[in-house]
Amino acid sequence: MFVPRTPLASVGALALLSLASACTMGPDYAGPPEVIAPGSNGGTFVRADESVRADAPQLARWWESLGDPLLTRLIDDALAHSPTIDLAQARIAEAQGSLAEGKAGLMPSVSPNAMYVHARLPGSAIGGSGEGEDGADGESSGGSSSLDFYNVGANVSWEPDLWGARRRGIEASRAQVGQRYAELADAQVSLSAQVAQTYVNLRDAQARLALTREAVAKQRRALNLTRQRLAAGTASDLEVERLQGELAANEAQTVPLDTQVLLYKNALAVLTGQAPGALDSELEDEGALPLPPAQVAVGDPAGLLARRPDIRAAERALAASTAQIGVKEAQRLPGISFMGILGIGGTEPGDVLDPGNLAALLMPQISWPLFDFGRTGAQVRQAEAQADQAKAQYRQSVLEGLQDAEDSLARFGATRRQLARLVASQQSAERAAHLNRLRFAAGTSSLIDQLDIERQALTAASNVAQAKAQLTIDYIAVNKALGLGWSE
């Protein structure tokens with residue numbers, strides 16, 4: 001049997017020729033556009049006050065500055081077990097798989113195969129000695145012949161990357177991997193801030209619930225004393241009704257606070273990857289409200305742009321979109337592909353063991369979408385428009401990031417000033433309660449008046465506690481706006 005043979009050297013020569021002429025289409029990525037001028041605003045944040053420093057902040061684990069071991073453990077648990085982090089990590093693995101697939105596309109594809117063919121052909125002498133005769137390699141009966149063929153080999157296919165379409169695709173995939181890592185960091189930033197804010201809200205609700213219950217207890221004592229005075233004829237029904245109304249109003253305030261405590265406990269459990277209620281016993285005892293440090297390191301706007309994960313993700317998306325332009329441009333040009341077949345075989349099973357029966361076939365193919373009625377040109381314009389969108393999105397991310405940082409610093413400074421005034425108000429209420437306590441001891445003030453003044457002092461203390469919680473929440477917002485809370 002005749003087996004055509006093709007020299008393998010020709011395959012290597014064509015491959016070298018293709019590699020030598022390879023080039024890369026599309027624009028080279030030159031980095032993101034400049035959104036703010038270097039050193040603008042003196043290199044500092046506009047809304048920063050004396051409570052912040054221009055020192056570079058700690059990139060990760062900013063929550064340790066709050067000095068609350070339970071909060072630290074909750075955030076660590078969330079970062080380790082939250083489905084949000086698992087989802088971001090799975091997307092990284094997906095992007096890495098896409099990158100590996102793109103790299104593999106530069107290499108030839110080899111598919112081993114084994115084949116057996118049995119053919120019975122009417123009116124043909126293939127494999128036999130002719131019609132009506134029995135041959136060594138086949139048989140015939142009634143004007144037909146049969147053929148057996150055995151082959152073991154491999155199919156090889158390869159498309160050289162003449163215009164850099166695959167290399168641009170790898171460039172885009174590599175940028176997408178970086179984007180997914182930045183999105184993981186952004187998820188860590190958001191999750192750590194969310195856990196911290198929920199924890200502070202829980203401690204605030206618990207503190208306000210305790211103060212409200214203390215105020216209710218004082219009002220109940222005042223009501224009982226007023227009823228005693230009413231029985232003695234020294235108080236009126238109006239006073240009793242007024243105190244009963246105030247008592248009922250304060251008792252009603254405990255109901256939503258109780259509910260808030262339960263909701264915050266549920267939220268913390270879910271954020272740490274557990275079922276609602278899993279942390280109830282651990283969070284049952286009222287803990288101290290964590291407070292921010294006296295001064296906060298915030299760095300400068302330039303450092304923010306390099307540090308904030310959502311901005312880095314937008315920059316990587318821009319790099320990927322730019323590379324896709326080259327992918328589409330390369331598709332407009334002619335391409336060449338090779339398909340080869342290498343095998344050993346013949347009409348007997350033993351032929352697959354004889355190297356002398358080697359068959360090689362090379363089939364080059366040239367394709368060129370020359371007349372596609374503008375389809376590939378439209379795809380190039382789409383890729384360019386997508387790159388423009390990514391550029392605009394990057395600029396938007398930078399501006400929104402700067403606004404977020406400036407707004408959070410403004411709120412943080414305003415809450416500090418508000419807290420200072422509320423503390424002064426609380427101190428005044430406590431002094432008034434102390435002075436009236438002296439008058440009560442001297443018999444010049446009633447117990448009802450004393451209880452009412454103490455209730456006012458509790459209200460002032462509740463306002464201070466709420467302002468302290470808001471200050472810590474604003475501090476958390478500053479760290480989130482600065483892009484802190486992730487590790488490299």
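Start with a group of four: Arg242, Glu246, Asp452 and Arg455 are joined in a network of salt bridges. A salt bridge here is a side-chain nitrogen of Lys or Arg within 4 Å of a carboxyl oxygen of Asp or Glu. This is a predicted model, in which local features need pLDDT of at least 70 and side-chain atom pairs count only at pLDDT 80 or more, while totals for chains, interfaces and linings use all residues. Residues are numbered from 1 along each chain as its sequence is written, and side-chain values use heavy atoms, leaving out hydrogens and water.

Searching the whole structure turns up 22 salt bridges. One of them joins aspartate 28 and arginine 168, at 2.7 Å from N to O. Aspartate 28 sits in the loop between helix 1 (9-20) and strand 1 (52-53) and arginine 168 in helix 4 (residues 165-232), so the pair ties together parts 140 residues apart in sequence. Helices (H or I, at least four residues) and strands (E, at least two) are DSSP runs, numbered from the N terminus. Aspartate 28 is exposed, at 61% relative accessibility, whereas arginine 168 is buried, at 3%. Buried means under 20% relative accessible area, exposed over 50%, and partly exposed in between (1.4 Å probe, protein chains only).

Now look at arginine 437 and glutamate 454, whose salt bridge has its closest N and O atoms 3.6 Å apart. Arginine 437 belongs to helix 8 (residues 375-442) and glutamate 454 to helix 9 (residues 447-481), so this pair ties together parts 17 residues apart in sequence. Arginine 437 is partly exposed at 38% relative accessibility, and glutamate 454 is buried at 16%.
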